[in-house]
Amino acid sequence: MSKVKAPKYTLTEAQRHMYASEKLTNFRWVAKYLAKYSAYTLTDKDLASADVEFQLADIGQYAEIASNNIVPVSFIFNNIDKMLQPDFPLEGYEGLRDSVWVAEYFGRVSHLHSYVAYRPHSKQLVAATSGTCSVPQAMQDLRTLYHRPRHAPGVVHSGFWSLYKGVRDLVYAGIATGFKEHPDAEELVITGHSMGGAVSYLLIMDVFLGKIPIPAKCRLKLASFGAPRVGDAAFVKHWRELRTAFQEKHEFTELCVKAYNDGVPSLPPRSFGYRHFTEKPFYLIHGRLYKVPPSESEFSLFLADPAPTNDQPIQYPRGGHNYYNGRNMERVLTRLQWLQKAMLGQDDWVNRYKKRASKHLAPSISQLKPGLPPSSPSMAMAAMQDPKHEGLPTPSSSNASSPSGSSTSSTPPQP
C-alpha cells in the first residue's frame, strides 16, 4: 500500500516540554523506518471493552516498576502508602496498594530483574520481569541469531532465550513460594514490558508444559506491553498448540498490547522469519484501546477512524515505547532515581526525597524534567544480592544458588 501518514496534532506547551526532556529511547525512529501500517483502519466497532482496558492498566503498574533496578521492590511495597502520595514515585499507581512482596531476583544473564508479589484483594500472584534497562541487556536484544531449542520445533531469538534461561529457575522458585505463602491465590499473572514481555511469553510456555505448576483451579493470565517478536513461525505454532491444550484444563487470558509509534513490536523484522505469538493483540492510539483482527496481528501501526482533532485533548499524542496505559514510564523511573539517592546512608529518606523532588517538581508535575535511570544496580539493590543474603528455596533442578544468579525471599527489610 502507499505510504501512510498519521494525522498531525498540535502539541501543548507542556507536551513540547515533556518530549524535549525525554531521556529514554522511545523507538519512534524504528516505527518510522521499519514498521508498516496495516491497510485495516480501526473504528469504534473495534474498541476494546472497559474491563480489558482496566485489566491492562491495572497489571501494567507491576510491569512498569519491574523495569526499575535501583530501588528494591520489597522497600517499595513495605512503604507503599508513602510511595503513593502526590509527587512521590508511585503517584497514581493505586493498583499497587496493599501488595505483598514475595520474592525478588536477578538473573545470571545480564542481571535481568524480576519479582513476585501477591494482591490480596484480587487473589492474584503476579510475576513481573523488567524491560531493557542496561547496556548488557541491550546487547542481548541485539542477538537476533537463531537458537534451536532441544525440545521444541523452530527457532527462537538467541538473546531472549539466554535471558529467559538465566532467570527461569528463580521465577519457578518465586512462584512456588508465592503459592505456598498464599494458598488462596486464584490467578497467576505473568507480565512484562518490552524485553520483559518477550521473556514472559517463554515463561508462560513453561506453565503450559507444567514446569511451573499451578493449582488445579488456578487461572492464568499473560499481560505484555510493547513486546518484540521472539520465535519463528514453527516455534509460534508450537506455543499456540501448547496454549490450546492448556486451556482444556485451565482458564487462560492473553492480553498483548502494542502502542502507536512504538517500534519495538516490529522487531526483529518479519523478514528475519520472526512472528508474534498473540493472534488477537490490542492497539493503543491516542488514549483509545482497540482490538486488532487476527489477519493484522503482525502489523505495528494502524490508523483509527475517527482520527483525533486539536479540539480533543490527547495526553501523549506522539506515542512511543514508554507511553502505555495512560502513563509516562519515564516519570516513575526518574522519581525512583531520586528516591534511590535519598535512601543512601540516611534514615530520614522521606524528607530527603521531598527536598530532592522539590527541585524538579515546582509548580506541577507537568513541568517534570525526566532523567535516565542508572544501568547498574544501586547500593540498596547490591545489598540484596550479597551472597550472605538468604536465597529462595529452589527445586533440585534449579541453578538459583549459582554464584552468577541471585535472589531474595523472606521478610522484606524494614525502612
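# Loops, a bent helix and salt bridges

P268 is found in the loop between β9 (252–259) and β10 (274–275). The model shown here is predicted. In it, the peptide bond from L267 to P268 is cis, with omega near -20°. A cis bond also joins D305 and P306, where omega is about 10°. P306 sits in the loop between β12 (288–291) and β13 (323–324).

**The whole protein**

The protein has 12 helices and 15 strands. Of its 415 residues, 58% are buried. Look next at contacts with a separation of 6 or more: residues 24 or more positions apart account for 75% of them. The protein exposes about 18100 Å², and carbon and sulfur atoms supply 54% of that area.

**Positive phi angles**

H111 is not a glycine, yet its phi is positive, near 60°. H111 belongs to the loop between β1 (100–106) and β2 (113–119). S194 is not a glycine either, and its phi is about 65°. S194 lies in the loop between β6 (187–193) and α8 (195–208).

**Helix α3**

Helix α3 covers residues 50–66, which makes 17 residues. From first C-alpha to last it reaches 25 Å, close to the expected 24 Å. Where does α3 bend? The bend is at G60, by about 30°. Is α3 mostly covered or mostly open? It is mostly covered, with 12 of its 17 residues buried. Among the buried ones are V52, L56, I59, G60 and Y62. D58 is on that list too.

**Salt bridges**

Side chains of opposite charge can pair when their charged atoms come close. A search of the whole structure finds 17 salt bridges.

E186 and R219 form another salt bridge, at 4.0 Å from N to O. E186 is in the loop between α7 (158–181) and β6, while R219 is in strand β7 (residues 219–225), so the pair ties together parts 33 residues apart in sequence. E186 and R219 also belong to a network of salt bridges that includes K123, E187 and K221.

A further pair is R243 with E279, with the closest N and O atoms 2.8 Å apart. It links distant parts of the chain: R243 is in helix α9 (residues 233–247), and E279 is in the loop between β10 and β11 (282–285), 36 residues away.

**A nonpolar patch**

W29, Y33 and L34 make a nonpolar surface patch of about 400 Å². W29 is part of helix α2 (residues 28–33).

**How covered are these residues?**

The table gathers residues named above.

| Residue | Relative accessible area | Class |
|---|---|---|
| H111 | 29% | partly exposed |
| S194 | 9% | buried |
| W29 | 54% | exposed |
| E186 | 34% | partly exposed |
| R219 | 24% | partly exposed |
| R243 | 9% | buried |
| E279 | 23% | partly exposed |

Why does S194 count as buried? Its relative accessibility is 9%, and buried means under 20%. W29 counts as exposed because its relative accessible area is 54%, and the cut-off for exposed is over 50%.

Conventions:
Residues numbered from 1 in each chain as written. Predicted model: local features only at pLDDT ≥ 70, side-chain atom pairs only at ≥ 80, totals over all residues. Heavy atoms only, no water. Helix = DSSP H or I, 4+ residues; strand = E, 2+ residues; numbered from the N terminus. Buried < 20%, exposed > 50% of the residue type's maximum accessible area, 1.4 Å probe, protein only. Expected span 1.5 Å × (residues − 1). Bend = angle between axes of the 7 residues up to and from the residue. Contact = heavy atoms within 4.5 Å. Areas by Shrake-Rupley, 256 points an atom, 1.4 Å probe, with all protein chains shown as cover. Patch = residues over 30% accessible without salt bridge, like charges linked within 9 Å, V, L, I, M, F, W, Y side chains within 5 Å. Salt bridge = Lys/Arg side-chain N within 4 Å of Asp/Glu carboxyl O.
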